[in-house]
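Please consider the sequence and the three-dimensional structure shown below. The paragraphs that follow proceed from the chain as a whole to its strands, aromatic pairs and cores.

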Amino acid sequence: MKKLFIALLGVAAITFNVHAQKKSGAIQYETQIDPAAMAAASGFPLSDEMKARMPKSIKANYELLFNATNASYMPVEENEDSNGGGRMNMGRMMMRFGGGSNRDYYYSFADQKVFGVVDLNDTTFAIPAKLTVDVSPVGGFGGGGNRQGNENANSGVVQFLPGPPAVEIIKSDETKKILNFNCNKVTIKSTRKAKILDMEKDIIDETVLWYTNDLGFNFSPNPNMWTEGVVLAIENKGGGTVAKSIEFRGVSNKDVNLPKKAVVITPEQYQQKMEAMMKRMRNNNNRGGQGGAPNRMIIN
């Protein structure tokens, strides 16, 4: 009887350790987009010359580190495109437009806080965000970006009309396995009124999320595309993001806590800083065109 009791204690200890180990680990994500397909799906007409200059695909890898209380999500290598060039400029621009990011995100599970971290010149800023559904045109960073998105969208042949997009969240009974987790499907459908070459039409966009509640916390590779659980795949026109592997292991708090040097500012303050920076760049370029030497600015 004593030996049986000891054996049961041993099994219980092993079970507890396995369960504890699954409270922390790393998930590798891959984002892949087709820039031409993505532009076409968003209502941006492209000439054959523009399509020829675009890479057929752009890939980027990201890593989610998590423990029992916090998580971090960040790129792990440079973007790669099928043309073998323009990785820093074209790649990052298209990744941001397509829902990817070259910024770091930090999650606090207890208070459900999310911070996007970006380096601007010599300062590291942390901008509060939240897990939500935000389908603003060329969505802003962590909220407060609608104005920037509309200005960008209205600067070309596509003019989004005033007013928020109509959003429908469609839950489904469809399920599938990703990394051996049971995942549920939800579709986020948005309809925006726009003028394309002076013709009014509806731009309809659908994004499919596959999420699991088996990991015990909330997360999405794109904070603006989340309904519940941990999103392991995002599918949309022109590309998507999917979890490729998971490893349960110990994760240090320093790898998932917000950097101590980060200066917390509101989305509105960050937007103001960006606008001021762009104004200085325009002024520097104008002076450079008149024979002056523009000042150098560093943006990471």
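Of the contacts in the chain with a separation of 6 or more, what percentage is accounted for by residues 24 or more positions apart? The share is 63%. The model under discussion is predicted, and its secondary structure consists of 6 helices and 14 strands. The chain has 300 residues, 37% of which count as buried. Its accessible surface amounts to about 17,000 Å², with 51% belonging to carbon and sulfur atoms.

The mean pLDDT of the chain is 78, and 71% of the residues reach 70 or more. Among the elements, strand β9 (residues 166-178) has the highest mean pLDDT, 97, whereas helix α5 (residues 146-153) has the lowest, 38. Two stretches have a pLDDT below 50. Residues 138-155 form another, for which 32 contacts beyond near neighbours in sequence are present in the model. Where pLDDT is low, the predicted coordinates should not be read in detail.

Strands β3 and β5 pair in the antiparallel sense over 4 bridges, and N70 stands opposite S108 in β5. Strand β5 is also joined to strand β6 (residues 113-120) by 5 bridges, again in an antiparallel arrangement; here Y106 stands opposite F115 in β6. The hairpin of β5 and β6 has 4 residues between the strands. Q112, located in the loop between β5 and β6, has a phi near 55°, a positive value in a residue other than glycine. Is Q112 buried, partly exposed or exposed? Q112 counts as partly exposed because its relative accessibility is 42%. A positive phi near 55° is also found at L179, likewise a residue other than glycine. L179 lies in the loop between β9 and β10 and is partly exposed, with a relative accessible area of 26%.

The aromatic residues come next. How many aromatic pairs does a search of the whole structure find? The search finds 7. Y29 and Y73 form an edge-to-face pair, with 5.6 Å from centre to centre and 85° between the planes. This pair links distant parts of the chain, since Y29 belongs to strand β1 (residues 25-33) and Y73 to strand β3 (residues 70-75), 44 residues apart. Y29 counts as buried because its relative accessibility is 1%, and Y73 is buried with a relative accessible area of 3%. The ring centres of Y107 and F219 lie 5.2 Å apart and their planes are at 65°; the pair is therefore edge-to-face, as planes over 60 degrees apart are counted in this way. Y107 is in strand β5 (residues 104-108) and F219 in the loop between β11 (199-212) and β12 (230-236), so this pair ties together parts that are 112 residues apart in sequence. Y107 and F219 are both buried. Together with Y62, the residues Y29, Y73, Y107 and F219 form one aromatic cluster.

In soluble globular proteins, nonpolar side chains tend to be buried together. The largest nonpolar core has 35 residues, and those with the most contacts inside it are Y29, L64, Y107 and L232. At least two residues each are supplied to this core by β1, β2 (58-66), β3, β5, β10, β11 and β12. The largest share, 5 residues, comes from β12. For L232, the contacts beyond four places in sequence include I27, Y29, I178, F181, W210 and V242. A second, separate core has 8 residues, among them V118, I265, Y270 and M277.

Is S190 buried or exposed? S190 has a relative accessible area of 2% and is therefore buried, since the cut-off is under 20%. Not counting residues up to four places away in sequence, S190 touches V135, A166, V167, I203, I204 and D205.

Conventions: Residues are numbered from 1 along each chain as its sequence is written. This is a predicted model: local features need pLDDT of at least 70, side-chain atom pairs count only at pLDDT 80 or more; totals for chains, interfaces and linings use all residues. Side-chain values use heavy atoms; hydrogens and water are left out. Rings of Phe, Tyr and Trp (its six-membered ring) pair if their centres lie within 6.5 Å; planes under 30 degrees apart count as stacked, over 60 as edge-to-face and the rest as tilted. Buried means under 20% relative accessible area, exposed over 50%, partly exposed in between (1.4 Å probe, protein chains only). Contact means heavy atoms within 4.5 Å. Accessible areas come from the Shrake-Rupley method with a 1.4 Å probe; for residues, only the protein chains shown count as cover. pLDDT is the predictor's confidence in each residue, from 0 to 100. Two strands pair if DSSP finds at least two bridges between them. A nonpolar core is a set of buried Ala, Val, Leu, Ile, Met, Phe, Trp, Tyr and Cys residues joined through side-chain atoms within 4.5 Å.
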